Amino acid sequence: MPQVELAGQMVRRPVRAERRSSRSERLRVCGLFGVVALICAFFDTCLPARAGLALAALLYLVWAVWLTKMEAISAPLKLNPLVLYQLWQAATLGVAPLYVAGTNLGGASIPLGNQNVPLEWVAYGHAVMVIGSWAFYVGMKQFAPHSTARGLARPSPVSPLFLVAAAAIGSVFLAAREAVTQYVGSTVAQLSILPTAVLCLVALKPRSAREHSDNRRFCILLFGSLGLMALNSRRDSKMELILSFFPLVWWLVIRRKRGLMLLAAPALAAFYVLAVAPLVSATRNDKSARDDTGGVSVLNAGSTQQIIAGMRENWTAGPGRYAWNWLDITMLRTCDPVAAGLVASLAERDGFQFGSGLDYVPLSFIPRAVWPGKPSVNPGVTFSTMLGMVSASGSVYTCTGTTAAGELYWNFGWPGALLGMYLLGAAVAGLWWRAAGADPRQGLFEMTAYTGAMLSFVLGTGAAAGPLLTTCVSAGIIWRLLVGFRRKLLAGKAAAMGARVYA
C-alpha cells in the first residue's frame with residue numbers, strides 16, 4: 001500500500017506543478033497584455049490623433065505578432081482560436097490603423113457610408129477596441145481547454161467513405177444555407193461547416209509510412225478548397241471566399257512548408273485585394289446579380305462576365321492605380337476602429353443606450369423551428385442602413401458591424417466593453433471551443449466545432465456582440481449533443497460486441 005500511495009503522489013505532483021506553471025504563465029501574459037493595452041489607450045487619447053493612432057497601432061501590431069507566435073508555439077496543432085483571433089487583430093488593430101494614419105486617407109476624417117468619422121474619434125475607437133481585445137483574450141485564455149502536445153491522444157481513424165459522405169451532406173447544407181436558416185434556424189445551418197472540417201481532418205491526418213510524397217495530399221486539399229470556393233460563390237461574402245483555402249493553409253503550417261507559406265500568404269492577400277474585393281463589391285451593386293429573394297451570387301453568369309471585363313479594363317488602363325485604389329478600400333474596410341469610433345461619438349452625442357441596442361438578443365435565442373415566423377434581425381444590416389449603404393435597387397448591399405467592443409461601449413460605456421468582451425471570450429472558449437475537447441482529431445463533430453470556433457474571428461471582433469453570443473450558445477449545445485450521442489452509440493456497440501464475445 002505505501003508503494004501505491006507514493007506512486008500516486010509522484011504522478012499527481014508533476015501534474016499539479018505543470019498546472020501551477022501554466023496558471024502563472026497565463027497570468028504573466030495577461031498582465032503584459034493589459035500593460036500594452038493601457039499604453040495604446042494612452043497614445044490614442046492623450047496624443048495628437050494621427051501620431052497617437054500610429055504609435056498605438058504600431059505597438060499593438062508588434063505585440064499581437066509576438067503573442068500570435070507564442071500561442072502558435074504552445075498550440076499542439078499550431079492553430080487554434082486564440083492564434084486566429086490574435087492574427088486577425090494584428091491586421092484590424094495594427095496594420096489597418098497604421099496604414100490609415102500613415103497614408104492620410106480621408107484627411108482629417110475617415111468616410112464610413114454617409115458619415116465622416118473625425119480622426120480623433122478613430123483613435124478613441126482604437127482605444128475601445130484594444131481594451132476590449134485584452135478583456136476578450138483574458139476570457140478566452142481562462143476558459144480554453146488546456147492541453148499539451150504530449151497530452152494529445154492518437155487521432156481516431158476515420159473511414160474515407162464516411163468523410164466523403166459527410167462532405168457531400170455538408171455541401172448540401174452549405175449550398176442551401178439560407179433556406180435551412182429560414183425554416184429551421186442558424187443552429188442546424190452550422191452543419192454547413194462540415195466540408196471545411198472534412199478537409200481539415202485530411203490536412204491533419206498523420207503521414208503514413210507508405211506515403212513518400214505530399215503531392216497527393218496537396219492536390220486533394222487544393223481541389224477541395226476550389227470546390228469550397230465554388231460553393232461559397234453562391235453568395236457574396238468576401239471572407240468566406242478567401243477562407244475556402246483555410247484547410248490548405250493549415251496543412252502548410254502543420255507540415256512546416258515554409259517556402260510554400262511564403263508564396264501562399266502574399267498570393268492569397270493579392271488575390272483578395274485585386275480580385276475578390278472588387279468582384280464582390282461590384283456584384284453587390286449590380287441589380288441583375290440578385291435573385292428573386294434578393295440574394296446575391298458571385299456566380300451569376302451574365303453579370304459576372306461583365307464585371308470581370310470591367311475589372312480587366314481598369315487593370316489594363318493603370319495597374320498601379322487599380323491596385324492602390326483597392327488596397328485603400330480594403331484597409332478602410334478592415335480598420336475596425338473607424339466603426340467603433342463612430343458609435344463612441346454617437347454615445348457621446350446622444351448618450352448610452354443602456355441595453356436598448358441589444359434588445360434583439362433575447363429573440364435570437366428562440367429557435368426558428370419553434371417560432372417559424374420569427375423576424376430576421378441583423379444588427380449589421382441595420383447599421384449599414386443607418387450609414388446609407390443602400391444599392392440603387394433600394395436594398396442594403398453590405399453588412400457593417402458596429403464591432404463587438406463598440407456595440408458594448410455604445411450600450412454601457414467602458415464597463416460594458418470590459419465585462420462584455422471578457423464574457424464573450426469566455427463564451428467562445430468555454431461553450432464553442434470546449435465542445436471540441438482537447439484534441440479535435442478525435443472525430444468529425446469535434447473538428448467541426450473546433451474549425452467553427454477558429455473561423456469565427458471576423459464575427460467575434462468586427463461584427464457585433466449579440467450574434468457572437470447566440471452563436472456560441474447554439475454551437476456549444478448542438479456539438480455537445482452530437483458528440484455525446486455518437487459516444488453513447490459507439491459505447492452501446494462496443495458493449496454488444498463484448499457480450500457476443502463473452503457468450
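**Exercise 1. Find how helices α9 and α11 are arranged toward each other.**

Step 1. Locate helix α9 at residues 215–232 and helix α11 at residues 246–254. Helices here are DSSP runs of H or I with at least four residues, strands are runs of E with at least two, and both are numbered from the N terminus. The model is predicted: local features need pLDDT of at least 70, side-chain atom pairs count only at pLDDT 80 or more, and totals for chains, interfaces and linings use all residues. Residues are numbered from 1 along each chain as its sequence is written, and side-chain values use heavy atoms, with hydrogens and water left out.

Step 2. Read the geometry. The two axes come within 8 Å and cross at roughly 155°. Axes are lines fitted to C-alpha atoms, for helices over the stretch in contact; angles between N-to-C directions run from 0 to 180 degrees.

Step 3. Classify. Under 35 degrees is roughly parallel, over 145 roughly antiparallel, 65 to 115 roughly perpendicular, and the rest oblique. Therefore α9 and α11 are roughly antiparallel.

Step 4. List the contact (heavy atoms within 4.5 Å). α9 gives Arg217, Phe218, Leu221, Leu222 and Ser225; α11 gives Pro247, Leu248 and Trp251.

Step 5. Sort these residues. There are 6 nonpolar, 1 polar and 1 charged. Nonpolar covers Ala, Val, Leu, Ile, Met, Phe, Trp, Tyr, Cys and Pro; charged covers Asp, Glu, Lys and Arg; the others, Gly among them, are polar.

**Exercise 2. Check the span of helix α4 and its burial.**

Step 1. α4 covers residues 119–143, which is 25 residues. The expected span is 1.5 Å times one less than the number of residues. That predicts 36 Å, and the end C-alpha atoms are 36 Å apart, which agrees.

Step 2. Count buried residues (under 20% relative accessible area, 1.4 Å probe, protein chains only; exposed is over 50%, partly exposed in between). In α4, 20 of the 25 are buried, so the rest of the structure largely encloses this helix.

**Exercise 3. Is Thr470 buried or exposed?**

Step 1. Thr470 sits in helix α21, residues 465–502.

Step 2. Its relative accessibility is 12%, so Thr470 counts as buried.

Step 3. Leaving out residues up to four places away in sequence, Thr470 touches Val361, Ser364 and Phe365.
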